[in-house]
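User: I have a chain open and would like to go through it with you. Could you take me through the fold, the cavities and the packing?

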Amino acid sequence: MEKATGRGRGYKVAAIGVAVLSLLFFLQAAIRHFRDIPPLPMNAVSLIVAAASMLLVVVNASLGGVIWRLLLGDNGVATSWTQALRIFLVSQLGKYLPGNVGQHVGRVVMGREAGFPAAAVVGTMVVETLWNVGVGAGLALLSVLLFVDGHRLGQSFWIGPVELGVAVVILMASPWLGLGLLNRWLPKVAHRLSGHGSLPLPRLGTAMAVAILFVLNFVVMGLILRLQAQFFFGSTAIGLAELTCLFAVAWLGGYLMPGAPGGLGVRESLMVLLFTPVLGAGVAVGLGITLRVTTTAGDALSFFCGLLLRRSDRGSAEKAT
């Protein structure tokens, strides 16, 4: 028990250390290339792009709420789309707390207040996490094979389009594989998470919808980057598909690093490494800064949208009584 506790502490310390080093790396890059960052144009177009970027972050958060509602329904939890969306939007602000798990804890607490079984909420979040990481890993694989360093490296690999497609499909089907392995090889963990034996596998229709929505989630982030690269920094050297796939690598690093609240530092450092060869260091650093500001402001706006939905729910309930 003491060894396990020691390992857990060691892992947390290592994770925090990596997060701190990543943040320091990005700050160093920002200082070194500060003069290379193109000045932000203060005009109506840039203000519209800034507002559109924030709204697109809210759209992304709302897509996450839709995904959660689909998974809840698949687990037999009856709830309205508005209620599921409200809980999801409000809880997302918890991602900025240390440990990068505050949003999950908040969703469990709010779900319990709404009468959702805690085991069902945790089970849906397990599936959601596996699918999100699976889709992100699939897009990251595409970026490594096709877009790293701005070259079509996929042409020099032995892997062909068929093999590549199979690999991406396997990664995107990771929830089924992960849940199957969890139920079979770690039944005690599965029982604790589900509360009644094993974690249920998603239905095919739900699985397809969730996978498509997660891909759309990454495309929206790629669109935000594309708009900001062009209208903030005057760069059109990279397309939407390339930005989406490369960002998936940066997002994956930040998401899987528990010591970085909201992926802070890790995501930006990877963006600098990945975007510099095709956009230049100044634009890469600038995008790291503007995207962080945009996503933080967008998450705050999502939080307030969730509060408005809560008032709407209360008003509807009072009218019904």
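User: Fine, so what is the secondary structure of the chain?

Analyst: This is a predicted model, and the secondary structure of the chain comes to 12 helices and zero strands. Of the 321 residues in the chain, 46% are buried, and among contacts with a separation of 6 or more, 73% are between residues 24 or more positions apart.

User: How many cavities does a search of the whole structure find?

Analyst: The search finds three cavities of 30 Å³ or more, and the largest cavity holds about 630 Å³ of space.

User: Which residues lie nearest the centre of the largest cavity?

Analyst: Gln92, Lys95, Asn132, Asn217 and Trp251 lie nearest its centre, out of a lining of 29 residues. By type, the lining of the largest cavity divides into 11 nonpolar, 12 polar and six charged residues.

User: And which helices supply that lining?

Analyst: Helices H2 (44-74), H4 (102-113), H5 (118-146), H9 (204-231), H10 (240-255) and H12 (281-320) each supply at least two residues of the lining, with the largest share, five residues, coming from H2.

User: Let's look at H4 on its own. What is its span, and which of its residues are buried?

Analyst: H4 has 12 residues and reaches 17 Å from its first C-alpha to its last, which is close to the 16 Å expected at 1.5 Å a residue. Its buried residues are Gly102, Gln103, His104, Arg107, Val108, Met110 and Gly111, and what covers these buried residues includes H2, helix H3 (81-91), H5 and H10. Just after H4, Gly115 takes a positive phi of about 95°.

User: What about Gly94, where is that, and what does it touch?

Analyst: Gly94 is found in the loop between H3 and H4, and, leaving out residues up to four places away in sequence, Gly94 touches Gly102 and Gln103. The C-alpha atoms of Gly94 and Gly262 are separated by 8.8 Å, although these two glycines are 168 residues apart along the chain.

User: Why does Gly94 count as buried?

Analyst: Gly94 counts as buried because its relative accessibility is 12%, and the cut-off for buried is under 20%.

User: Is Phe147 buried or exposed?

Analyst: Phe147 is buried, with a relative accessible area of 8%, and it lies in the loop between H5 and helix H6 (161-172). Phe147 and Val278 are 9.5 Å apart in space, C-alpha to C-alpha, and 131 residues apart in sequence.

User: Switching to the nonpolar packing, which residues touch the most other members of the largest nonpolar core?

Analyst: Those are Trp131, Leu225, Phe275 and Leu287, in a core of 57 residues. The elements giving two or more residues to this core are helix H1 (2-32), H2, H5, helix H7 (174-185), H9, H10, helix H11 (266-279) and H12, and the largest share of this core, 11 residues, comes from H9. As general background, nonpolar side chains tend to be buried together in soluble globular proteins.

User: Take Leu287, then: what does it touch?

Analyst: Not counting residues up to four places away in sequence, Leu287 touches Leu225, Gln228, Ala229, Phe233, Met271, Phe275 and Leu279.

Terms used. Residues are numbered from 1 along each chain as its sequence is written. This is a predicted model: local features need pLDDT of at least 70, side-chain atom pairs count only at pLDDT 80 or more; totals for chains, interfaces and linings use all residues. Side-chain values use heavy atoms; hydrogens and water are left out. On a 1 Å grid over the protein atoms alone, a cavity is a set of points where a 1.4 Å probe fits but cannot get out, and a pocket is an open set with protein on both sides within 12 Å along at least five of seven lines; lining residues have an atom within 4 Å of a point. Grid points are joined across faces, edges and corners, and a volume is the space filled by probe spheres set on the points. Helices (H or I, at least four residues) and strands (E, at least two) are DSSP runs, numbered from the N terminus. Ala, Val, Leu, Ile, Met, Phe, Trp, Tyr, Cys and Pro count as nonpolar, Asp, Glu, Lys and Arg as charged, and the others, Gly among them, as polar. A nonpolar core is a set of buried Ala, Val, Leu, Ile, Met, Phe, Trp, Tyr and Cys residues joined through side-chain atoms within 4.5 Å. Buried means under 20% relative accessible area, exposed over 50%, partly exposed in between (1.4 Å probe, protein chains only). Contact means heavy atoms within 4.5 Å. The expected span of a helix is 1.5 Å times one less than its number of residues.
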